[in-house]
Amino acid sequence: MLSSETRLGGRAGVLIAAILWGTTGTAATYAPGLSPLAVGAVAMGIGGLLQGLIAAAPIIRQRVLITRNWHFLLTGAVAVAVYPLAFYASMRYAGVTVGTVITIGSAPILSALIECRLDGLRLTKRWMCGAGVGVAGMVLLCLAESSENSTANDHATTGVFLGLLAGFTYAFYSWSARRLMQAGVASRAAMGVTFGAGGILLLPVLLMTGAPLLMAWNNAAVGIYMALVPMFLGYVCYGYGLARIPASMATTITLLEPVIAALLAVVLVGERLPPYGWAGVGLIIACLGIITVPAEKLRFSLFLQRKENFEISERKEL
């Protein structure tokens, strides 16, 4: 049983990752010449290879254990390779905010279904309540973005389906990496080998689509940023957190990502959110509180509140 401090550190790691990931959609708008396949391949391909390189020592030390659990590695690597291609294509077809909302909003539910089906995990009422609040926030954000987009998009439905595929693969590689950790593989080794293998699978896509990276400095700058900051540093933080909390909780905490994406779109890209869009942001923040604040702290807070109310009522009677 992990201590509350350890779980708190895990939640903090995932929160940092979600903030960094929230910058990817806005960053991609600064390289319109790059296809979504090229953006996804350079971001996760290079970022994944870097994770594999810095984790080379623990991977080598635990190669026997990793080989013994090769099925988790294979499924995780395939999911890592598919995820960025589907995610960035979803944002290109459905819009930055909508693509992020669909992907991240569906991931907690899909992660929970995976854990229920494959691990027999029972979800708590508190988790379901928090996830429900978060998904409601996702819906409001999605509706807000759609209402502000006056131009019809014939590919919006395709973008939604790609977002669901990205959400599923995101949930699945989180589950696969955690299963490696539960099998005894160290966090750095599990994340490094999963993302390193996924990065290798993405290299052919990068070779076929990555030529525009060398044609303009802004394309190159966006590619370098994507690979080093959200994909490399972000997933290092995510791996730290994933080793300490369940995958379903980790994917729920990342509901912060579309909030960051929406805020950056408003501040930097010039998009606008109607009032109910900001209400969606508030619901997502509330979801984070429900999911991440330790139950002990919630109970203590309620106890203090009841005690204060009782003392007030006693003073009134006197």
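Tutor: Contact means heavy atoms within 4.5 Å. By that rule, Y238 is in contact with G13, V14, A17, W21, Y170, S174, M191, A250, T251 and T254, leaving aside its neighbours within four places in sequence. This is a predicted model, where local features need pLDDT of at least 70 and side-chain atom pairs count only at pLDDT 80 or more, while totals for chains, interfaces and linings use all residues. Residues are numbered from 1 along each chain as its sequence is written, and side-chain values use heavy atoms, with hydrogens and water left out.

Student: How many helices and strands does the chain have?

Tutor: The chain has 15 helices and zero strands. Both are DSSP runs, numbered from the N terminus: helices are H or I with at least four residues, strands are E with at least two.

Student: What makes T24 count as buried?

Tutor: Buried means under 20% relative accessible area, exposed over 50%, and partly exposed in between, with a 1.4 Å probe and protein chains only. T24 has 2% relative accessibility, so T24 counts as buried. T24 lies in helix α2 (residues 24-28). Beyond four places in sequence, T24 touches F87, Y88, M226, P230 and M231. T24 and M231 are 207 residues apart in sequence, yet their C-alpha atoms are 9.0 Å apart.

Student: Why is Q62 called buried?

Tutor: Its value is 19% relative accessibility, so Q62 counts as buried. Q62 sits in the loop between α4 (56-61) and α5 (63-68). Leaving out neighbours within four places in sequence, Q62 is in contact with G184, V185, A186 and A189.

Student: Is R272 buried or exposed?

Tutor: R272 has 62% relative accessibility, so R272 counts as exposed. R272 is in the loop between α13 (256-269) and α14 (275-292).

Student: What share of the chain is buried?

Tutor: Buried residues make up 50% of the 318 residues.

Student: Which residues touch the most other members of the largest nonpolar core?

Tutor: Y235 and Y238 do, in a core of 79 residues. Helix α6 (residues 70-94) gives the most to this core, twelve residues. A nonpolar core is a set of buried Ala, Val, Leu, Ile, Met, Phe, Trp, Tyr and Cys residues joined through side-chain atoms within 4.5 Å.

Student: How do you know that α6 and α7 are oblique?

Tutor: Their axes come within 6 Å and cross at roughly 140 degrees, where α7 is residues 96-119. Axes are lines fitted to C-alpha atoms, for helices over the stretch in contact, and angles run from 0 to 180 degrees between N-to-C directions. Under 35 degrees is roughly parallel, over 145 roughly antiparallel, 65 to 115 roughly perpendicular, and the rest oblique. So α6 and α7 are oblique to each other.

Student: Which residues of α6 and α7 meet?

Tutor: Y83, F87, S90, M91 and A94 of α6 meet V96, V98, G99, T100 and T103 of α7. These divide into six nonpolar, four polar and no charged. Here Ala, Val, Leu, Ile, Met, Phe, Trp, Tyr, Cys and Pro count as nonpolar, Asp, Glu, Lys and Arg as charged, and the others, Gly among them, as polar.

Student: Why are α10 and α11 called oblique?

Tutor: The axes of α10 (residues 187-209) and α11 (residues 217-242) come within 9 Å and cross at roughly 130 degrees. Therefore α10 and α11 are oblique to each other. S187, M191 and F195 of α10 make the contact with Y235, Y238, G239, Y240 and L242 of α11.
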